[in-house]
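Here is a short briefing on one protein chain. Topics run from the overall fold to single residues.

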Amino acid sequence: MNSTTHLVLIPSYNTGPRLLSTVQEALRYWAPVWIVVDGSTDGSERPAEELARSDNRVRVLRQPRNRGKGAAIAAGVDAALAAGFTHALAMDSDGQHPADLIPQFMAVAAQNPPAMILGRPIFGPEAPMARRQGRKLSVAMVRLEILGPGIDDPLFGFRVYPLAALHQALRNTLWARGFDFDQEVIVRMFWAGTPAVNVPAPCRYLSKADGGVSHFNYLRDNVLLVWLQLRLLGQLSWRWPWILQLRRARRGALVLLLGLLAALATPASRAAPLTNPDPEIAAHDAHWAPILQQLGQRENRQSQFEERRYFPFRLVPVVLTGTVRIAPEHGLSLEYQQPDYRIVIVDGGGLLMRDRSGRDQAAPNDPHLTQAISALVSILSFDQRQIEEHYVLHGSQAGADWRISLVPKTAGDWSAIVLHGDAGGLSGIELVRSKSLRITIALSASQAGVSFSPAEIARYFRP
């Protein structure tokens, strides 16, 4: 297929005849394929340029001088973003990476748009033992730098990047332009909230006798890697509280609200009031009556959702995706697919978490969480009497699109809960504590009046 959003990106420096064969192998499984020639002097780019002239699926970008793998990929990222691409699979030019796995990695990336898809290499017996053992040190260092598991192999370059997140990571450092690129960018992307999905990938080890090409300089590049670890550990010394909060948000929350609650400055803190630009909705306002009536309909609903959690200390939000199911008699069920599978059930009994095997786990006994759950349940059931008792409603309409802000009458953990919708009904929910601390939930592919089978009720709701 010739994708308009996902491309293969191959950096190359003096790869010899293996460059053309690698490009041809990649084209068997994906298009387009872009090559970034990083100042090569061996003429290896000429056959690739001839191929590009006859095959519009291939593009060759040339760097005037050799600046390193990271610099070559950075140039490719800039060009890909300018051309409208969203993701790139990076692979080495010497044929060691498994081209036949390109479709699988691209499919995983399509299912997990915010995530980086990282190859976990499976080496054959021909790989030197020193190489396999040496990687263990890099894995250990990365686990220290991200405070736990999540990145299985920081050196294997066969991976799919979300381009916007990679571009931002490269902008945040003057380094990561040489051999240090592979490890530094994924640590920085992890710190910035980009989820990691690890996929096993068998790979070949090609010695020089087999035609393998390596430009690793033992002294120069080992010094570069030592400096890399010192830089990352130095930043870890002040980033660690935020990384722990990020891990807590991903682990426990897969719960709708725990990630945001973890970011509260103190247990006793209260949300600052926000200025609401929308006019107040008067009681029994005939202009709003059809929308409020639609929200109050008691029918089963099912939608896909994308949840984004914004924190003041993060450049990009934490993104979670899945399916939401609403059954008035049973409550709300959020089936999170990414970054980890979990079902979160919200109903009159509180909040319940369920793992893939069906094992239930009660939520922490937290008064802030209890308050938020109570608010969410009343809003999703849209009991207008209870809502008007506890909230002041503000709203605005533009054509078929509308917005209703529910501002608590008494100070609490939330400045406002904002509902977005259109003629098709509710399309999004926003939980706001401050301008920089909030959760947004976008709903799509909504189905109203769906019927849940007994098996689905047992799977997705409280027994």
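Helix axes here are lines fitted to C-alpha atoms over the stretch in contact, and angles run from 0 to 180 degrees between N-to-C directions. On that basis, helix 1 (residues 18–27) and helix 2 (residues 45–54) pack at about 35 degrees, with axes 8 Å apart. The model is predicted.

**Overall make-up**
- The chain holds 13 helices and 18 strands.
- Of its 463 residues, 53% are buried.
- Take the contacts between residues at least 6 apart in sequence: 68% of them join residues at least 24 apart.

**Helix 1 against helix 2**
- Helix 1 brings Leu19, Leu20, Val23, Gln24 and Leu27 to the contact. Helix 2 brings Glu45, Pro47, Ala48 and Leu51.
- By class, this contact has seven nonpolar residues, one polar and one charged.

**Helix 6 against helix 7**
- The axes of helix 6 (residues 163–171) and helix 7 (residues 181–191) come within 9 Å. They cross at roughly 105 degrees.
- Angles of 65 to 115 degrees count as roughly perpendicular, and helix 6 and helix 7 are therefore roughly perpendicular to each other.
- On the helix 6 side, the contact is made by Ala165, Leu166, Ala169 and Leu170. Phe181, Val185, Arg188 and Met189 make it on the helix 7 side.
- The contact of helix 6 with helix 7 has seven nonpolar residues, no polar ones and one charged.

- Asn14 sits in the loop between strand 1 (6–12) and helix 1.
- Asn14 is not a glycine, yet has a positive phi of about 45 degrees.
- Is Asn14 buried or exposed? The cut-off for buried is under 20% relative accessible area. Asn14 has 17%, so Asn14 is buried.
- Pro32 lies in the loop between helix 1 and strand 2 (33–38).
- The peptide bond from Ala31 to Pro32 is cis, with omega near 5 degrees.

**Aromatic pairs**
- A search of the whole structure finds six aromatic pairs.
- One of them joins Phe105 and Phe158, with ring centres 4.8 Å apart. Their planes stand at 70 degrees, so the pair is edge-to-face.
- This pair links distant parts of the chain, 53 residues apart. Phe105 belongs to helix 4 (residues 102–111). Phe158 belongs to the loop between helix 5 (129–145) and strand 6 (159–162).
- Phe105 and Phe158 are buried.
- Another pair, Phe452 with Phe461, is tilted. Its rings are 5.9 Å centre to centre, with 50 degrees between the planes.
- Phe452 and Phe461 are both buried.
- Ring pairs also link Phe105, Phe156 and Phe158 into a cluster.

**Val324 and its surroundings**
- Val324 is part of strand 9 (residues 318–327).
- With a relative accessible area of 8%, Val324 is buried.
- Which residues does Val324 contact, leaving aside its neighbours within four places in sequence? They are Arg301, Gln302, Ser303, Phe305, Leu332, Ser333, Leu334 and Leu443.
- Val324 and Ile345 are 21 residues apart in sequence. In space, they are 9.8 Å apart, C-alpha to C-alpha.

Notes:
Residues are numbered from 1 along each chain as its sequence is written. This is a predicted model: local features need pLDDT of at least 70, side-chain atom pairs count only at pLDDT 80 or more; totals for chains, interfaces and linings use all residues. Side-chain values use heavy atoms; hydrogens and water are left out. Helices (H or I, at least four residues) and strands (E, at least two) are DSSP runs, numbered from the N terminus. Angles under 35 degrees count as roughly parallel, over 145 as roughly antiparallel, 65 to 115 as roughly perpendicular and the rest as oblique. Contact means heavy atoms within 4.5 Å. Ala, Val, Leu, Ile, Met, Phe, Trp, Tyr, Cys and Pro count as nonpolar, Asp, Glu, Lys and Arg as charged, and the others, Gly among them, as polar. Buried means under 20% relative accessible area, exposed over 50%, partly exposed in between (1.4 Å probe, protein chains only). Rings of Phe, Tyr and Trp (its six-membered ring) pair if their centres lie within 6.5 Å; planes under 30 degrees apart count as stacked, over 60 as edge-to-face and the rest as tilted.
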